[in-house]
Structures are given as structure tokens and as C-alpha cells.
Amino acid sequence: MSDILESKKAILAKRKRTNKIALTMSMVAMSIGMFFLLWILSVLFIKGFSSLNLEMFTVDTPAPGSAGGLRNAIVGSFMLVLTCTLISSPLGILAGIFLSEYGAKSRVAAITRFVTDIMLSAPSIVIGLFVYAAMVAQMEHFSGWAGTVALALIAIPVVVRTTENMLQLVPGSLREAAFALGAPKWKVSLMIVLRAAKSGVITGVLLALARVSGETAPLLFTALNNQFFSTNMNTPMANLPVVIFQFAMSPYDNWVSLAWGGALLITLSVLGLNILARVFFREKV
Amino acid sequence: MTTSIKNIERTSRKQHYQDVIFGLISQLSALIVLFVLLGIIVSLVINAWPALKEFGPSFFLNAQWDINREKFGGLISIYGTIVSSLIALIIATPLSFGIALFLTEICPAFLKRPLGVAIELLAAIPSIIYGMFGLFIFAPVFGDYIQPALAASLGKLPYIGILFSGAPNGIGMLCAGIILAMMILPFIASVMRDVFEIVPAVLKESAYGLGCTKWEVARHIILPYTKAGVVGGIMLGLGRALGETMAVTFVIGNAARIMPSLFAPGSSIASTLANQFGEASPGLHFSALFALGLALFIITFVILSLAKLMLIQLEKKQGKKS
């Protein structure tokens, strides 16, 4: 009798030990994740802030060996992201409305949904290759517009999917009430459903913005880079990610330091957009 | 009276046209998205064709990349892409599982949200930042302390010892794999967390009621129930890792050869493209790079499709509309 009791106790102790080990491992995994996040952010803040100064915003990127700032790259990045938003938001929101309101169960919608999900994680460098072949090679020069298109192709799937998901959260009774009043479908879609899901859709656009503002790979073959200040979207455009890439790989100390400053700027804006998106979403829903 | 009826008729006809037009516009937007994907495949095939015709299907199995003599094969880059992604998966999968388990089962409620957001922020950091961090901060530490330790322990084992041999330079295949692991970790962890949360509470409570420990519930209730979702999440992470460009380009070392040691530098498809595409002159080199891009696209497309199908299966089991 006591033998059985003993062996039961032993099994229980073993189970408890396994449990403890597993839970500890899980906590260790969490701390490793946190550790890397804090490590990356602290390095970025220390290195970035020490190289941050006013000149960074007022002077253009330097020639090798001389001092300079990032003005042209900041302006270029801003313009690329802005034009990308202007293209991708309407297109993405309209496609999202189609998926949710018009073609909900049709085959076209199912295929589009599948494709956007794939595009959501498609390698961004391949999108760069595509835009190179489709635009840069045809126009025979790199241009800001090509960069915009490449970024838009990355942003659109994000907008489409979040728009669709947010529109689906709108209660059907709201649509039915509007239809009962005799409103045509397009008015219901635009003025009832879209308006009800406004904050969610804005969240999607902001998340897409955050995603593209750090993208580097697709800009390498499209917008390229420009050492001088230019707001002409038909010529190669300076932009922060590509400048960071080139400067970080360079042997000059002041270039590397500029790259850290640029990296801090990008991360701050990306994290800022992410937080803004979260705030927007939480307020309404 | 008749005028008002006419008015109503006119309005309703107008609204009908507007309706049709708006429906068409929204459908057009959806079709554009579809055609872009088709366009990507077509343009890659067209541009890759000269190289594929010249070298045949063996292009993908040939480990020669000689720009001067115009002899190209994709094996070096494909090998680098697959090996670095596999390393990332081997590291990131257990970590993500631990994190997801922590966030759903262990974590006190008031920490759930802030810690969840923190992990998601890890995903928001742009890849170029990971690259700079890897090159300037992580690689030196890795080469000075971790690689010698690995060489002294794992490097002594038979068979797998060769993987951990060679000069500890910091940058190389293993370093790229670790940085990649940190990048895909939040993606896998958040998918796992989401699918863990759909496990019906009744199932878990019954197990607890029988006296199961937390680990036993996780291992024998949660994991079997969410199997398809977990595998889907891992494949999603793999898809990310395969196509990641900037971070890998910074730390993989960009050497055009295949070495048995994981400490040695190599190159991935994405890093080869990022480094060489800008300087490539139209011709075979150019076309060979497109062929590499095509290979990358096909590999990620297949993996992401499988991931998506598995997640859809889990949702079906849930009886929930996607």
C-alpha cells in the first residue's frame, strides 16, 4: 500500500518538476525577446542621439570625407511615403470595400483575398525587381515615381486586408436600416459602413505607412539615391533607408554616424506611427 | 403628382447608374491587386528567360557565380537562403512557443497587453535597423564570446562539429540566422498567441479539473488543438525569413561560395540581388539575377500558400468565417 503511495508521490513530483521547468523555459523565452528589444532600442537611442544635431536637418548628404546632414534624404523619404499613401489608400480601401460589400463570396474575391495575403509577406526585394522591370527599364532611368509605386505595392495589401476586416465588424443591421430607407448600395458602403469603420481603416493606413517608411530593399533599384536636394519625382531621389544602407557600409566615421542618426529618425517615426495606430483603434472600438 | 413621380424615377435611375459605376470601380481596384501579382511573375520570367535558356534548369543546381566569365548558377545563393532561414526557424520556433505560452497562460493579466505590444514592436522595427545592429553591435560580441564558446563545446562533437569550426569572425551564416530569428520571432509568436487564445476554455478547464499541470495542458490540450495554426505560423515566419533582404545583407558576409562551417560567410538570394543588381549590366548577369529573384518568389509563394491553407483549415475547424 505504502509502495503505491510512494510511487504516486514520485510521479506527482516528476510532473510538477516538468511543469516548473517548462514554465521557467517559457519565461526565459519571453525575457530573451524583451532583452533583444531593449538591447536594440538602447543601442539605437544612444548612438542615434549622440549623432543627432541641427545640421542633420539643414544640410544635404555629404561627399566622401566631408561633413554633412540628411536634409535631402529626409525630404525625399517624406515625399515618397506621402505619394505612396496617396496612391495606396484609395486603391486599397476601394478594393477592401469590394471584398467586404460587393464580392463577399464570389470567386474573384476569394482569389484576391488569397493573393493579397501572399503579397502581404512577399519578399520586398522581388517587388523592387518587378518595378525595375516594369518602370525603370522602360523609362530608362531611376525615378522617385518608381520608388513610390514599389512602396505602394507593399502598402496596398495591408490596407486592403485591414479595411476588409474592419468593414466586416460593422453590424449588418446598420446596412439593412440604410437599405430600408432606400439608400443605394454605394451610399451605404461609403457613408454608413465605411464611416462606421473609420478608425479601423485609418489604423490600417497608418500601419501600412509604418511598414513602408522603413522599407529599403525595393527602393534600391527604383528611387536609387541622389546626393543633392531634389523634389523632382522624375529623377532619382534621396531617401533615408538607402542613404543609411550606403553610409553604414562605408568606411567613413562621419557617414556611419549619420547612418545611426537616420536610423533613429526612421525607427522613431515607425514606432510613433505604430503607437498612433493603436491609440486610434482603441479609442473607437 | 406626375412630376414628382418622374423626379423619383429620375433619381432612382441616377442612383442605379452611380451604384453600377461605384461597384465597377471597387471591383477594378481588387482586380488591379490581382493583376499586379500576375505581372510580377510574368516580368520575372521574361527577364530571367535569357539566363534560363543559356544554363537550363541546372542553373538552380550549379554552384558557379563568375561574373567575369559570365558563368552563372544559383546554388550558392539558394543554399545560403535556405540555411540561414532554417537556422532562424530552429531558434525562433521554441522561443516563440515559449513567448506565446507565457502571454496566454502564465502572464498576469495586467502585463498581458504591455508585453504583447512590446513583442509586436519587435516586429515593427525596420529590417535595416536589425542589419546595422547586427553588423556593428551583435557581430563583434558574437565573434568574441559566443562563437569561441560554441567552437569549444559543439565544435568538438562528431559529425556536427564541422558546422561550428573555423575562424570566429562574427559575421557569417550563423550570425545572419540569429538576427533573422529575432526578426521573425514576433510574427510566429503573435500567430501562436492568437491561435492559442481560440482554444475553448471548457477544454482547458476540464483538463485542469482532472489535475493536469499547466505544461500538460499546453502540451496535450492546446498544442494538439491548434496544431495546424502553429505550423501555419511557423511557415509564415519561414516565408518572412527567406525573403528578408537588408538585415541579411549586413551580416551574412557576402561571399560567393559554399562552406561547410556555419561560421563562414555566405550569401543569400536577397543579399546577392541587393549587392549586385545596381551594378549589373544588361545581359546574362542581369538575367541571372532575375532568375534568382524568380526562384525566391516561387519558394516563398509555395511556403506562404501552404501556411495560408493551414491557417484556413484551423479556422474551418473553428467554424468561424475568416
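Okay, start with the salt bridge between A:Arg278 and B:Glu120: its closest N and O atoms sit 2.9 Å apart. By salt bridge I mean a side-chain nitrogen of Lys or Arg within 4 Å of a carboxyl oxygen of Asp or Glu. Between chain A and chain B the count is three salt bridges.

Quick caveats: this is a predicted model, where local features need pLDDT of at least 70, side-chain atom pairs count only at pLDDT 80 or more, and totals for chains, interfaces and linings use all residues. Residues are numbered from 1 along each chain as its sequence is written, chains are lettered from A in the order in which they are written, and side-chain values use heavy atoms, with hydrogens and water left out.

So, the chain A and chain B interface. Chain A puts in 79 residues and chain B 80 residues, contact being heavy atoms within 4.5 Å. About 7300 Å² is buried there, with carbon and sulfur atoms giving 81%; that's accessible area (1.4 Å probe) lost by the two parts on being put together, summed over both. On the chain A side, A:Met30, A:Ile40 and A:Leu129 lose the most area to chain B, yet together they're 8% of what that side buries.

The domain assignment, automatic or from a database, gives domain 1 (2-57) and domain 2 (75-321). B:Leu44, B:Asn47 and B:Ala51 supply 45% of what domain 1 buries against domain 2. And salt bridges across that domain interface?
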